[in-house]
Amino acid sequence: MGEDGGVTSAPQRPDGPTPTPRLIATDLDGTLLRDDKSVSLRTVAALAAAEEAGIEVFFVTGRPARWMDVVSDHVHGHGLAICANGAAVVDLHAGREFVQVRALPRATALTVVETLRSSVPGTSFAVELTTGINYEPLYPPFFQDPGAKVATAEKLLEKEADDTSAPVLKLLAHHAELAPDEFLALARSAAGAYASITLSSPTALLEISGLGVSKASTLELCCAERGISPAEVVAFGDMPNDVEMLRWAGTSYAMGNAHPDVLAAASGRTVANNEDGVAVVIERIIAERADHQR
């Protein structure tokens with residue numbers, strides 16, 4: 001997150017011996033990626049070494065599938081990534097094809113919109129679909145999408161008569177005046193019974209998914225398909241949308257630049273994203289595995 005300054009000390013191990021994982025799950029922005037959105041050569045080498053050692057790597061991100069090109073060349077083996085905070089599993093080897101979608105029901109999204117308009121005046125919305133993003137006139141177009149529709153959220157969420165509307169992956173809610181954590185607390189209090197509400201931005205931009213949909217729950221499904229237990233997973237993250245995943249994994253690391261909630265949730269800590277904190281831990285895991293095999 002960077003708001004509290006980066007931690008530059010050596011990584012802090014979780015208590016007990018470092019496990020030999022079967023799967024590494026890592027967030028992207030603020031975690032695997034540097035602040036300039038690049039993947040360092042050191043990190044590329046660490047990811048390849050993990051796969052070569054038989055450790056699967058899953059990218060688990062709030063990003064939509066269309067923003068995954070930055071890492072599409074660095075996913076090996078299975079080719080899968082978890083996007084939109086768990087709302088979608090995509091195959092990066094097959095042109096970002098959707099393998100699984102855990103949609104936010106439109107009726108639920110409308111209820112959330114109505115609730116937040118009433119409880120937190122000044123909220124504007126965008127709707128993330130499997131086909132792209134649409135947004136309200138007052139919603140800041142952080143990334144211009146020439147194909148986006150601009151209308152009220154109520155209009156954007158209308159169900160088409162022939163029932164062919166694209167699935168809603170998540171609702172985005174923005175507030176121009178509230179602090180991010182304050183907005184998150186207010187939104188969860190007002191609408192948390194209807195949907196999963198989280199935060200991955202240093203601005204007051206919330207991400208709203210179907211109830212029970214999170215990075216953790218979708219990662220759990222992917223691991224169950226592979227016969228991988230939480231104890232065999234090492235996870236990395238930096239923002240509140242990573243908290244459930246970090247708590248679920250047997251071993252987890254907060255980045256040196258992480259949000260306070262992430263620091264509290266993780267079992268260990270590594271250095272900041274700009275210092276290749278994920279690679280630092282992977283290198284240690286690989287080295288310790290090699291020592292044990294001697």
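Is Arg66 buried, partly exposed or exposed, and at what relative accessibility? In this predicted model, Arg66 counts as partly exposed, at 29% relative accessibility.

Arg66 forms a salt bridge with Glu128, and the closest N and O atoms of the two are 2.5 Å apart. The partners belong to distant parts of the chain: Glu128 is in strand β6 (residues 123-129), whereas Arg66 is in the loop between β2 and β3, 62 residues away. Glu128 counts as buried, at 3% relative accessibility, because residues under 20% relative accessible area fall in that class.

By the rule applied here, the model holds 15 salt bridges. One of them joins the side chains of Arg22 and Glu232, at 3.5 Å from N to O. Arg22 lies in the segment before β1 (23-26) and Glu232 in the loop between α6 (215-226) and β11 (233-237), so this pair ties together parts that are 210 residues apart in sequence. Arg22 is partly exposed at 34% relative accessibility, and Glu232 is also partly exposed, with a relative accessible area of 24%.

A further salt bridge is made by the side chains of Arg63 and Asp29, with an N to O distance of 2.7 Å. Here, too, distant parts of the chain are linked: Arg63 is in the loop between β2 (56-60) and β3 (80-83), and Asp29 is in helix α1 (residues 28-32), 34 residues apart. Arg63 is buried, with a relative accessible area of 12%, whereas Asp29 is partly exposed at 23%. Elsewhere, salt bridges with shared partners join Asp27, Lys215 and Asp242 into one network.

In general, the strands of a sheet pair through backbone hydrogen bonds, either parallel or antiparallel.

Val127 illustrates both pairings: its bridge partner in β8 is Leu171, and it stands opposite Asn134 in β7. β6 and β7 form a hairpin, with 2 residues between them. Thr198 has Glu207 of β10 as its bridge partner.

Strand β6 is mostly covered, with 7 of its 7 residues buried. This holds for both faces: Thr123, Phe125, Val127 and Leu129 are buried on one side, and Ser124, Ala126 and Glu128 are buried on the other.

In soluble globular proteins, nonpolar side chains tend to be buried together. In this model, the largest nonpolar core has 33 residues, of which Phe59, Met68 and Val71 touch the most other members. The elements that give two or more residues to this core are α1, α2 (41-52), β2, β3, β4 (88-91), β11 and α9 (277-293). The greatest contribution comes from α9, with 5 residues. When neighbours within four places in sequence are left aside, Val71 is in contact with Leu28, Leu32, Leu33, Val39 and Phe59. Another core, of 28 residues, lies apart from the largest one; among its members are Ala151, Leu184, Ala187 and Ile208.

Conventions:
Residues numbered from 1 in each chain as written. Predicted model: local features only at pLDDT ≥ 70, side-chain atom pairs only at ≥ 80, totals over all residues. Heavy atoms only, no water. Salt bridge = Lys/Arg side-chain N within 4 Å of Asp/Glu carboxyl O. Helix = DSSP H or I, 4+ residues; strand = E, 2+ residues; numbered from the N terminus. Buried < 20%, exposed > 50% of the residue type's maximum accessible area, 1.4 Å probe, protein only. Core = buried A, V, L, I, M, F, W, Y, C linked by side-chain atoms within 4.5 Å. Contact = heavy atoms within 4.5 Å. Pairing = 2+ DSSP bridges.
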